[in-house]
Amino acid sequence: MRIAMLSLILLTAVGCAHKATGPLGSSGPRVLLAYEDGQAGGMVVFPNNQYESIIRFEMPAGEHRPLRLWMQVANPGAISVTLYDTNLLDAPGEPIGRIDRDVQPNEVSNGKDGLWLVQDISHFPVCKGIVWLGMKKLSGTPTVWSSRIFSSRYFLRSESTDLLPVKETPLVRLEVAP
């Protein structure tokens, strides 16, 4: 049976003793978009830096500010993460924002320890509708754990190919705020 999106989980920020100073420090509702079950069953491997792994996220109604990207990383290395708008053909369109990240050995999960790499992306512009999250190897051997759940939202593309569906879903989540 095909499993749809796990759920949109509404998170409430825990009160702090200091004054909130921005999107991450402010209290309020959060939505965590995820299409996997959190159980590592395989790995997303980047064959070379010509390939990009792409996840299609459907935002809740209205505008949302991207806050954080959650990834369960299996091996260190440098990766580029780009959030794309959708185009008229329901494919990745113009970039919304990009970060390049060197994943260190102490940020790597063994797939069973519950260790997530959490990256601040609150500087990305507000977005709505469908967004696409692309991950690309820059150097080293970065890999991301994947779930064996088939979500129909994960694709691979290169400079010479269109979107190719992939059966496993990376352990990658997008946290947004309304």
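## Close-up views of a predicted model

**View 1. Arg 56 and Glu 58 form a side-chain salt bridge, with 2.9 Å from N to O.** A salt bridge here is a side-chain nitrogen of Lys or Arg within 4 Å of a carboxyl oxygen of Asp or Glu. This is a predicted model, in which local features need pLDDT of at least 70, side-chain atom pairs count only at pLDDT 80 or more, and totals for chains, interfaces and linings use all residues. Residues are numbered from 1 along each chain as its sequence is written, and side-chain values use heavy atoms, with hydrogens and water left out. Glu 58, at 33%, counts as partly exposed. Buried means under 20% relative accessible area, exposed over 50%, and partly exposed in between (1.4 Å probe, protein chains only). Salt bridges that share partners join Arg 56, Glu 58, Asp 90 and Arg 153 into one network.

**View 2. Asp 90 has a positive phi, near 55 degrees, and is not a glycine.** Most residues other than glycine have a negative phi. Asp 90 sits in the loop between β6 (73–86) and β7 (92–103). Strands are DSSP runs of E with at least two residues, and helices are runs of H or I with at least four, numbered from the N terminus. With a relative accessibility of 37%, Asp 90 counts as partly exposed.

**View 3. Ser 152 also has a positive phi, of about 65 degrees, although it is not a glycine.** The loop that holds Ser 152 runs between β9 (130–147) and β10 (154–158). Ser 152 counts as partly exposed, at 28% relative accessibility.

**View 4. Glu 52 and Arg 157 meet through their side chains in a salt bridge of 2.9 Å, N to O.** Glu 52 belongs to strand β4 and Arg 157 to strand β10, so the pair ties together parts that are 105 residues apart in sequence. The relative accessible area of Glu 52 is 8%, which makes Glu 52 buried. The structure holds 10 salt bridges.

**View 5. The side chains of Glu 107 and Arg 101 meet in a salt bridge, at 2.8 Å from N to O.** Both Glu 107 and Arg 101 are buried. Side chains of opposite charge can pair when their charged atoms come close.

**View 6. Met 135 and Leu 174 touch the most other members of the largest nonpolar core, which has 30 residues.** A nonpolar core is a set of buried Ala, Val, Leu, Ile, Met, Phe, Trp, Tyr and Cys residues joined through side-chain atoms within 4.5 Å. Two or more residues of this core come from each of β2 (29–33), β4 (51–58), β5 (65–71), β6, β7, β9 and β13 (172–177). Apart from this core lies another, of 5 residues, including Tyr 84, Ile 130, Trp 132 and Phe 155. Leaving aside neighbours within four places in sequence, Leu 174 is in contact with residues including Val 31, Phe 57, Leu 83, Ile 121 and Val 131. Contact means heavy atoms within 4.5 Å.

**View 7. Gly 42 lies in strand β3, which spans residues 42–45.** At 13% relative accessibility, Gly 42 is counted as buried. Its C-alpha atom and that of Arg 148 are separated by 6.9 Å, though Gly 42 and Arg 148 are 106 residues apart along the chain. Not counting residues up to four places away in sequence, Gly 42 touches Val 144, Trp 145, Ser 146, Arg 148 and Glu 168.
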